[in-house]
Amino acid sequence: MTKSRSIIKKVSTLTMLCLALLAFKAQAQQVISLQKAVDLTLQNNLTIKQAQLTEALANEDYNQAKYNQLPSLSANPNAGYNFGRTPVAGQYVYANQSNFSVNGTASLQVTLYQGGQLRNQILQNRLTLDVDKTSTAKVKNDLLLNVVTDYLTILTDQDLVIAAKQQIDLAKITLDRTQKNFEAGNQTRADVAQADAQVSTAELNLTTAQNQVDLAVLILKQYMEMDPTTPITVVKPDISKLTDVRTVYDANEVIKTAFLVNPDIKLAELQQQTYAQAVKIARGNYFPVLTLFGNLQSSYSSVVTSKVTGNTAPVSSPIGTVVGTQQQVVSLPQSEPILSNSYPFLSQFGDNFNQSFGVSLQIPIFNHYTARTSVRKAKLNYENAQLTTQLAKNTLSKTIIQAVLDLQSAQKSYVSSTQTYNSNKEALNITKQRYDAGLVNTLDYNTALTNYNKSQNDMIEAQYQMIFRSKVIDYYLGNTIVL
């Protein structure tokens, strides 16, 4: 009894471990829907992150253009020793002496007028920021379309895998029946070999379809920046909803809407506006620059050792006598300066403090035609941007017209391939019944089977091709792409 309980306990433990392992494996297997694939791509894709960094740099340039309107304030303190012949402070003579001096200057400068360049630069940098934002949106939209395209490719290839497996089962049943008929003497070895070849062909089709699935899944992982070894399961939407897609569009109406919402057109138009603003900036070089400035300055010198603190009382001194009368001649009353015994650093620096302010006007007269050249180049760049915008519109118009025609063709192909599939399916059923009754040979049956397999694959591919072409039109209309 104890031994039985021990065995039951071991079996229960083993069962729990197996269930835990299966649960971990199920958890590790990520389930990816189209929306999750889009979200992970927008979150992790490195191309998007690069575009966002470029946008951040443009935002810093825009902020700096606004900061350039603020005053510029600078301070320039310096201190040093002078040796040899230097000017004597307060006197117009030179002497051999050593001197420790300190000088300090603070300057404030405000640009009052610069031909509108500061304001125009702000506007241009703002447009450049909008260009980079639109470029980021374009990268996201392009990746979104790529993700949807690859997702539909996965669904197509997965359905081809299912069809290939069904074709293998059907080919194996045929091979088994042919083998039994051969053993009964009703069919030849050539019939067996042909049936075996059908199995090999079906297995090759399965291998090819599975490889296509694996490749498409790998591409999807790369869009999502996911580890290639991470196992994922791609969610297949309701196929009945996928068949209910819009297939009739007016190309002119699609083009009109696309011109308003397509990021390629927005990007070209914003770049054109940026170059138009560059023309205004270049023209600013023709105008004078008016600047308001202010300065604060002071100094100290170790040579100056005393300070004039006042003057003595005026005293007259004899300068001679008058010949004949011997009357004494004296000078006008004069006072002598009273000097202090020391002149400390702070006192001297404070006494030497001085201020100034004013305006400066810089008028361009001749600058080697650089202003004119910059204006002409800016105009040429603007004209080139106009052509780029028109080319973008022409290219988009041609692409949309082609996309509408491709959708119409895909819809017709799907209808035709569906009819072909249904006809070949019915023909295979009839041929199989006649083959079982011995009314048709193996060649006729294999031909009917091959036609059925091909029509099934063609129908699957045509169905998803029609869906994809419809989603491309949604993309150009700016609609959210969902399955």
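1. Let me start with a pair of neighbouring elements: H7 and H8 are oblique to each other, because their axes pack at an angle of about 50°. Those axes lie 6 Å apart, and the crossing is right-handed. This is a predicted model, so please read every value here as computed from it.

2. From H7 come Ala 258, Phe 259, Leu 260 and Val 261, and they meet Pro 263, Ile 265 and Lys 266 of H8.

3. H7 also packs on H10, here at an angle of about 140° with the axes 9 Å apart. This pair is therefore oblique as well, and H7 passes H10 in a right-handed crossing. On the H7 side the contacts come from Ala 251, Val 254, Ile 255, Ala 258 and Phe 259. Their partners in H10 are Lys 393, Leu 396, Ser 397, Ile 400, Ile 401 and Val 404.

4. Which residues of H7 are buried? They are Ala 251, Val 254, Ile 255 and Ala 258. These four sit on the same side of H7, because they cover an arc of only 100° around the axis. On the other side, Asn 252, Lys 256 and Leu 260 are exposed. The buried residues of H7 pack against H8, H10 and H11.

5. Now to the largest nonpolar core, which has 66 residues. Leu 220, Ile 400, Ile 473 and Tyr 476 have the most contacts inside this core. Two or more residues each come from H2, H4, H5, strand E7 (232-234), H7 (251-261), H8 (263-283), H10 (370-436) and H11 (442-477). H11 gives the most, with 16 residues. As background, nonpolar side chains tend to be buried together in soluble globular proteins.

6. Not counting residues up to four places away in sequence, Ile 473 touches Tyr 249, Val 254, Ala 403, Val 404 and Leu 407. Two names here return from point 3: Val 254 of H7 and Val 404 of H10 are among the residues through which those helices meet.

7. Turning to H2 (residues 34-44), the buried residues are Leu 34, Ala 37, Val 38, Leu 40 and Thr 41. They cover an arc of only 165° around the axis, which puts them on the same side of H2. Their packing partners are strand E1 (30-32), H3 (46-67), H4 (117-183) and H5 (189-223).

8. How do H3 and H4 run, parallel or antiparallel? Their axes come within 8 Å and cross at roughly 170°, and that makes H3 roughly antiparallel to H4.

9. Val 139 lies in helix H4 and counts as buried because its relative accessibility is 18%, under the 20% cut-off. Leaving aside neighbours within four places in sequence, Val 139 is in contact with Thr 47, Ile 48 and Ala 51. Although Val 139 and Thr 47 are 92 residues apart along the chain, their C-alpha atoms are separated by 7.5 Å.

Technical notes. Residues are numbered from 1 along each chain as its sequence is written. This is a predicted model: local features need pLDDT of at least 70, side-chain atom pairs count only at pLDDT 80 or more; totals for chains, interfaces and linings use all residues. Side-chain values use heavy atoms; hydrogens and water are left out. Buried means under 20% relative accessible area, exposed over 50%, partly exposed in between (1.4 Å probe, protein chains only). The arc is that of the directions from the helix axis to the C-beta atoms. Contact means heavy atoms within 4.5 Å. A nonpolar core is a set of buried Ala, Val, Leu, Ile, Met, Phe, Trp, Tyr and Cys residues joined through side-chain atoms within 4.5 Å. Axes are lines fitted to C-alpha atoms, for helices over the stretch in contact, and angles run from 0 to 180 degrees between N-to-C directions. Angles under 35 degrees count as roughly parallel, over 145 as roughly antiparallel, 65 to 115 as roughly perpendicular and the rest as oblique. A crossing is left-handed if the near helix is turned anticlockwise from the far one by less than a right angle, and right-handed if clockwise.
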